[in-house]
Amino acid sequence: MSGDFTPLVDDGPWGGVPLGGMGSGSIGRTHRGDFARWHLDVGRHRFETVAADQFSVYVARGGASSAHVLSTIRPQTLRSWNWDLPPDCGTYHGLFPYAWFEYDWSELPVRLSQRQFSPVIPGNYRESSYPVGVFEWEIENPSPDPVTVGLMFSWLNDIGRDRQQDRRGGHSNVSVRKDGLTGILLQGPSDVPDAPWNGSFAIMAGEQPGVELTTCDRFLAENGASADEASVWADFAADGKLDNVVDGRPSRPGEAIGAAIAATVELAPGETKRVAFTLVWDLPVVEFGSGTCWYKRYTRFFGRGGDNAWAIGAEALAKRDEWSAAIDAWQTPILGDATRPDWYKSALINELYYLVDGGTVWTDGEPFNMEDPARRGALLPAPGDAAEDERTAVAGDSSSLGHFAVLECYDYDCYNTLDVNFYASWALLMLWPELELSVERDFAATVDIDDPEIVQTGWHDTMAPWKVRGAMPHDLGGPKGDPFLRPNIYHWRDINIWKDLNSKFVLQVWRDVLLVPAPLFARETWPAVVQAMDYLGRFDRDGDGLPEHDGQPDQTYDAWNMLGPSAYSGALWLAALRATIRLGEIVGDTEAVARFSKIHELGSAAFEEKLWTGRCYRYDASGQESSESVMADQLAGQWYADATGLGDLVAPERVLTSLRTVFDANVLGFGGGDMGAVNGTNPDGSIDESSDQSAESWIGTTYALAAFMIGRGLVEEGWRTAHGAFAVTYGRGLWFRTPEAYLEDGRYRAAMYLRPLAIWAIEHTLRQQATRER
């Protein structure tokens, strides 16, 4: 989707590795040490530092002591706390789902480091959904003197979506010590237990020899220099411990109450100790604008009552070493491969942040409405059989995994945007393949939907049906609508005439059948595949085997007009025809195979005749403004054909000629050759500025182009192309908010975007090549 270059969601360069599982809601902790990005109300974005949500340290040596909040922010609340940590006090590292804080500050007579993570583990369909973050601290005393060190973890009880709920009163905190665990359970208002925003938090630590755990279950957290907030800080700053305050009073209307847990250790000279905390949020319901509610995936294992934060935290503290070993097991082969550039390894792994931070939904069970008689309280099944669930996934039946969806971005809040996910879904395919099948199954179910409601589009305010039978939807819905039940929340353009969606659906089905592998999926989706291809084929108005565009932005470049046949949609169509033929052969539909083979033969000839220029393929055959533009993404269909064994759609020498033309014009000719690929250039080498999007570089399509180049043997060119996208993302402060697009002058739009996950297409190409070489 297009827009101007005033980012709607722009948190600044404070991004960090998010905490949480896929679909659990997420919490973003920045490299400043504060918790600030809030995606707990799934599908909705909030960036706000909460001063009370902090780690703090106390140190005492030789009769001198001090206490410091371990964040470089300077808030206007909790002013009695010591906010003196300087910005240059250490180093932050991120390698999703890990993040490390290494503190290097002369005020601390100890070496202090923290590793945080959530159990987002490829191939794991249970723990990867957990709403939990683990914080592992290592404290080393390098001095010749004994030291006392206290670590305090404080948290605000702000359960609720906004100030109306989280300051309504009735929030309560309870100190708990049981089963070798100590912590605070933070609970929402008891008078509205069925409110979809209600639930519980927990901050916890495990008891261990040499570590003293103390708590405070209540302090006023946002009232300036109140006696409460001053007393809890004074308590901790006195000796690195808390006085085990047990208050228990619920909050009054307008009050913000916090709680804290402290771990205190004595360190001999040269001694090192480790302490672990965990943060859990049990907010079991996702509610959308339609009023439809779904339970989150993790509730399958812990129940749906919203009172299971303690149980989740207990499992986290018991299994954190196991989870860490599983994360290391999948990361180590990538990190240890000397043939992959280090910058690539970092970007490859860190772009996965969006699978957690992208407003992700992962459902369990059937939808419901809080106004229905069968409300949440009556729907509390026993926790699911995790082993059976894993066996089901491995066996290739993803139907028990519920619905899974990620936003295109928060500016354009559409779930599983089909034209974008075509690029991004390589990550899901390679790491959680059963979830990828679940997404395609959801799309297959939409093909036959006819939704006749008339809506106004953004194309000259024209009117169009919500969705026509046979047209693939742009998306599976959005947070303001009814995801999974009413697809296509996007009305910026009339998707019923788009020329890429149907082809992309078919290509993803074929890819998943081949690469998961999932041979039974071919038969399951075959009717939808045929219906989608027949619908798109109707736009071949002159019988040459190629659909024609309608002189408007009717594909993923939705601000860049196309008229007549185009290289982009034409190549996708030819690849989809090949995929349909292969699928037809699998299911044994000889009539369909013969019919689509004939169309493919006609379309291939027309593609060459109408679009080949001698150096690349034309943007379109209209003879209009962008017709001769060199489009970076012109042979996306051939890229998918290469990746999925469909063979050459055009002569191999023309593929190489086109890729070299794109590299020279769109990569080397843009931003000094290290900003990725600009979408369009004119024949004279200048940037095509005929539309907003022709002048942009898209990070996701740049990564896809790089994968295509590497796969075709243009290895140096491919790595240079990909490095440009990396350089912009990580060299200009866009980490963990990777945008869709930027201009040569550095302006960008659509931060936190789905398409950059296309970097995993490069990884697929590398593994594909390694397999061929064996």
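Reader: Which side chains meet in a salt bridge at 3.6 Å, N to O?

Author: A salt bridge is a side-chain nitrogen of Lys or Arg within 4 Å of a carboxyl oxygen of Asp or Glu. Here the side chains of E315 and R126 form one, at 3.6 Å from N to O. E315 lies in helix α4 (residues 309-335) and R126 in the loop between β9 and β10 (132-140), so the pair ties together parts that are 189 residues apart in sequence. Helices (H or I, at least four residues) and strands (E, at least two) are DSSP runs, numbered from the N terminus.

Reader: How many salt bridges does a search of the whole structure find?

Author: The search finds 47 salt bridges. This is a predicted model, in which local features need pLDDT of at least 70 and side-chain atom pairs count only at pLDDT 80 or more, while totals for chains, interfaces and linings use all residues. Residues are numbered from 1 along each chain as its sequence is written, and side-chain values use heavy atoms, with hydrogens and water left out.

Reader: At what angle do helix α11 and helix α13 cross?

Author: Axes are lines fitted to C-alpha atoms, for helices over the stretch in contact, and angles run from 0 to 180 degrees between N-to-C directions. Helix α11 (residues 501-515) and helix α13 (residues 567-587) cross at roughly 45°, and their axes come within 8 Å. Angles under 35 degrees count as roughly parallel, over 145 as roughly antiparallel, 65 to 115 as roughly perpendicular and the rest as oblique. α11 and α13 are therefore oblique to each other.

Reader: Is the crossing of α11 and α13 left-handed or right-handed?

Author: A crossing is left-handed if the near helix is turned anticlockwise from the far one by less than a right angle, and right-handed if clockwise. The crossing of α11 with α13 is left-handed.

Reader: Which residues in α11 meet α13?

Author: Contact means heavy atoms within 4.5 Å. On the α11 side the residues are S503, K504, V506, L507, V509, W510 and V513. Their counterparts in α13 include Y568, L572, W573, A575 and A576. For the classes, Ala, Val, Leu, Ile, Met, Phe, Trp, Tyr, Cys and Pro count as nonpolar, Asp, Glu, Lys and Arg as charged, and the others, Gly among them, as polar. The contact of α11 with α13 has 13 nonpolar, two polar and two charged residues.

Reader: How far apart are the axes of α15 and α17?

Author: The axes of helix α15 (residues 636-643) and helix α17 (residues 699-711) are 10 Å apart, and the two helices pack at an angle of about 55°. That makes α15 oblique to α17. Their crossing is left-handed. Q638, W639 and D642 in α15 meet A704, A707 and F708 in α17. Of the residues in this contact, four are nonpolar, one is polar and one is charged.

Reader: In which sense do β7 and β8 pair?

Author: Strands of a sheet pair through backbone hydrogen bonds, either parallel or antiparallel. Two strands count as paired if DSSP finds at least two bridges between them. Strand β7 (residues 90-95) and strand β8 (residues 98-103) are antiparallel, over six bridges. A hairpin of two residues joins β7 to β8. G90 stands opposite Y103 in β8. On to β9 (residues 111-117), β8 has five bridges, again in an antiparallel run. There the bridge partner of Y103 is L112.

Reader: Where is P97 placed?

Author: P97 sits in the loop between β7 and β8. A cis peptide bond joins F96 and P97, with omega about 0°. Another cis peptide bond joins V516 and P517, with omega about -15°. P517 lies in the loop between α11 and α12 (519-537).

Reader: What is the order of the open sheet of three strands?

Author: The order is β28-β29-β30, with antiparallel pairing. β28 (697-698) and β30 (748-749) stand at the edges, each with a single partner strand, so one side of each is left without a neighbour in the sheet. Two bridges join strand β29 (residues 741-742) to β30, where Y748 is the bridge partner of Y742.
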